[in-house]
Amino acid sequence: WQWAKCKRDLINKFTSVVDQLFCRGLSSSSADKTVLESLVSIVDRENAPNYALLLLWASQANAIPAVFWTVAFILQNDEIHRNVVAEVLDVLGGDLGSTIDEEATKQLTFTRKCVLEAVRLRSPGTIVRKALSPLKLKKYSIPQGHFIMLSPYWSHRNSECFPEP
């Protein structure tokens, strides 16, 4: 019961946010759009609050483990740790108290590779989706209503895609 009430409350809040976005008008420039504006511009308005809730959940549910595993992997290897620290100090001009803005993050190329590798190695166990209409996937026909399961763990260890999985 409480989850259903919380979900309804969040959907109501996101309905209000989506309505405000449409009232003020979505930016026409993709460079100026927020993530939420980009999402709302590609889904139907009626379901936009549901997608907004999904975006909020995904950003929290995925970011925390990604950060944990990135830090864990960096700390396991002294050379990688030194390289990350050197890159961060270089980008911040030696001032660890300064704010890291978007431009600074673009310069953290080695650190970005560490994050991407951690996500590749420790991504969620499975991603499940329901086929909303009949679908042909390579040589397989998936009927409407059936579930499709993807395992990033298995696919990221496929030697055809990653020579050294």
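## Leu 96 and its surroundings

Leaving aside neighbours within four places in sequence, Leu 96 is in contact with Val 88 and Leu 89, where contact means heavy atoms within 4.5 Å. The residue belongs to the loop between α4 (78-91) and α5 (102-107). Helices (H or I, at least four residues) and strands (E, at least two) are DSSP runs, numbered from the N terminus. Leu 96 is exposed, at a relative accessible area of 61%. On this scale, buried means under 20% relative accessible area, exposed over 50%, and partly exposed in between (1.4 Å probe, protein chains only). The C-alpha atoms of Leu 96 and Ser 29 are separated by 34 Å, and the two residues are 67 apart along the chain.

## Basis of the report

The structure is a predicted model, in which local features need pLDDT of at least 70 and side-chain atom pairs count only at pLDDT 80 or more, while totals for chains, interfaces and linings use all residues. Residues are numbered from 1 along each chain as its sequence is written, and side-chain values use heavy atoms, with hydrogens and water left out.

## The two faces of helix α2

Helix α2 covers residues 35-42, and its buried residues are Leu 36, Glu 37, Leu 39 and Val 40. Seen down the axis of α2, these buried residues fall within an arc of 160°, so they line one face of the helix. The arc is that of the directions from the helix axis to the C-beta atoms. Val 35 and Ile 42, on the other side of α2, are exposed. The partners of the buried residues of α2 are α1 (2-24) and α3 (48-76), against which they pack.

## Nonpolar cores

In soluble globular proteins, nonpolar side chains tend to be buried together. A nonpolar core is here a set of buried Ala, Val, Leu, Ile, Met, Phe, Trp, Tyr and Cys residues joined through side-chain atoms within 4.5 Å. The largest nonpolar core has 11 residues in all: Ile 11, Phe 14, Val 18, Leu 21, Leu 36, Leu 39, Val 40, Val 43, Ala 48, Ala 52 and Leu 53. Each of α1, α2 and α3 supplies at least two residues of this core, and the largest share, four residues, comes from α1.

## Aromatic rings

A pair of aromatic rings is described by the distance of the centres and the angle of the planes. Rings of Phe, Tyr and Trp (its six-membered ring) pair if their centres lie within 6.5 Å; planes under 30 degrees apart count as stacked, over 60 as edge-to-face and the rest as tilted. By this rule there are two aromatic pairs. The rings of Phe 68 and Trp 69 have their centres 5.0 Å apart and their planes at 80°, so this pair is edge-to-face. The rings of Trp 69 and Phe 73 have their centres 5.7 Å apart and their planes at 35°, so this pair is tilted.

Phe 68, Trp 69 and Phe 73 form one aromatic cluster. Trp 69 and Phe 73 both lie in helix α3, four residues apart, about one turn of the helix. Trp 69 is partly exposed at 29% relative accessibility, and Phe 73 is partly exposed at 21%.

Thr 111 lies in helix α6 (residues 109-121) and is buried, with a relative accessible area of 15%. The side chain of Thr 111 makes a polar contact with the side chain of Glu 87 (2.6 Å). A polar contact is a pair of N or O atoms within 3.5 Å; within protein, one must be able to donate a hydrogen and the other to accept it, and residues adjacent in sequence count only if both atoms are side-chain atoms. Leaving aside neighbours within four places in sequence, Thr 111 is in contact with Val 84, Glu 87 and Val 88.

Arg 120 is also found in helix α6. Arg 120 is buried at a relative accessible area of 9%, and its side chain makes a polar contact with the side chain of Glu 117 (2.9 Å).

A search of the whole structure finds zero disulfides, a disulfide being a pair of cysteine sulfur atoms within 2.5 Å. Cys 6 is partly exposed, at 41% relative accessible area, whereas Cys 114 is buried at 14%.

Lys 138 has a positive phi of about 55° although it is not a glycine. Lys 138 is placed in the loop between β2 (135-137) and β3 (140-142), and at 77% relative accessibility it counts as exposed.
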